[in-house]
Amino acid sequence: IYPSRDEILSYFKDYINKYKLENKVKYNSCVKNIEYIDETKIKVNYYNKKTKNIKTLYCNYLGICSGFYTTEKIPPNIDIVDPNIIIAHSNDFGYN
């Protein structure tokens with residue numbers, strides 16, 4: 001049995017609150033480009049749907065949550081530096 005949408009959302013909200021990550025989460029945004037700077041740093045260009053601005057951030061880890069019950073959207077031209085990184089959608093695991 002898999003968790004429901006509300007259980008997943010509740011888990012993420014609790015995790016974000018527990019570790020004080022609210023200022024790190026970018027809601028209502030679309031990732032436009034991901035570039036691996038080196039083995040530990042990622043450059044992300046994203047578009048905020050509410051402000052209509054394109055912004056850049058740098059991070060060590062990146063999680064893209066596009067919605068558990070949505071249509072698959074994986075950018076076609078992603079350069080992967082590390083062959084151990086796998087790009088997958090929840091559809092690949094039979095969750096939907």
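This is a predicted model: local features need pLDDT of at least 70, side-chain atom pairs count only at pLDDT 80 or more; totals for chains, interfaces and linings use all residues.
## The overall layout

Let's start with the big picture. The protein has one helix and three strands, and reading along the sequence gives the pattern α-β-β-β. There are 96 residues in the protein, and 10% of them count as buried.

The accessible surface of the protein comes to about 8400 Å². Carbon and sulfur atoms account for 52% of that surface. As for contacts between residues at least 6 apart in sequence, 19% join residues at least 24 apart.

## Two hairpins

Now for the strands. Strand β1 covers residues 29-36 and runs antiparallel to β2, with seven bridges joining the two. Five residues lie between β1 and β2, and the two strands form a hairpin.

Strand β2 also pairs with strand β3, residues 53-59, again in the antiparallel sense and over seven bridges. Here, Lys-43 has Tyr-58 in β3 as its bridge partner. β2 and β3 form a hairpin too, with four residues between them. In that turn you can find Lys-52, which has a positive phi of about 60 degrees.

## A closer look at strand β2

Strand β2 spans residues 42-48, and five of its seven residues are buried, so the strand is largely enclosed by the rest of the structure.

Is Asn-45 buried or exposed? Its relative accessibility is 17%, so Asn-45 counts as buried, the cut-off being under 20%. The side chain of Asn-45 makes a polar contact with the side chain of Thr-56, at 2.5 Å. Leaving aside residues up to four places away in sequence, Asn-45 touches Cys-30, Val-31, Lys-32, Asn-33, Lys-55 and Thr-56.

## The cysteines

Cys-59 counts as buried, because its relative accessibility is 13%.

How many disulfides does a search of the whole structure find? The search finds zero.

Note on methods
Residues are numbered from 1 along each chain as its sequence is written. Side-chain values use heavy atoms; hydrogens and water are left out. Buried means under 20% relative accessible area, exposed over 50%, partly exposed in between (1.4 Å probe, protein chains only). Two strands pair if DSSP finds at least two bridges between them. A disulfide is a pair of cysteine sulfur atoms within 2.5 Å. A polar contact is a pair of N or O atoms within 3.5 Å; within protein, one must be able to donate a hydrogen and the other to accept it, and residues adjacent in sequence count only if both atoms are side-chain atoms. Contact means heavy atoms within 4.5 Å. Accessible areas come from the Shrake-Rupley method with a 1.4 Å probe; for residues, only the protein chains shown count as cover.
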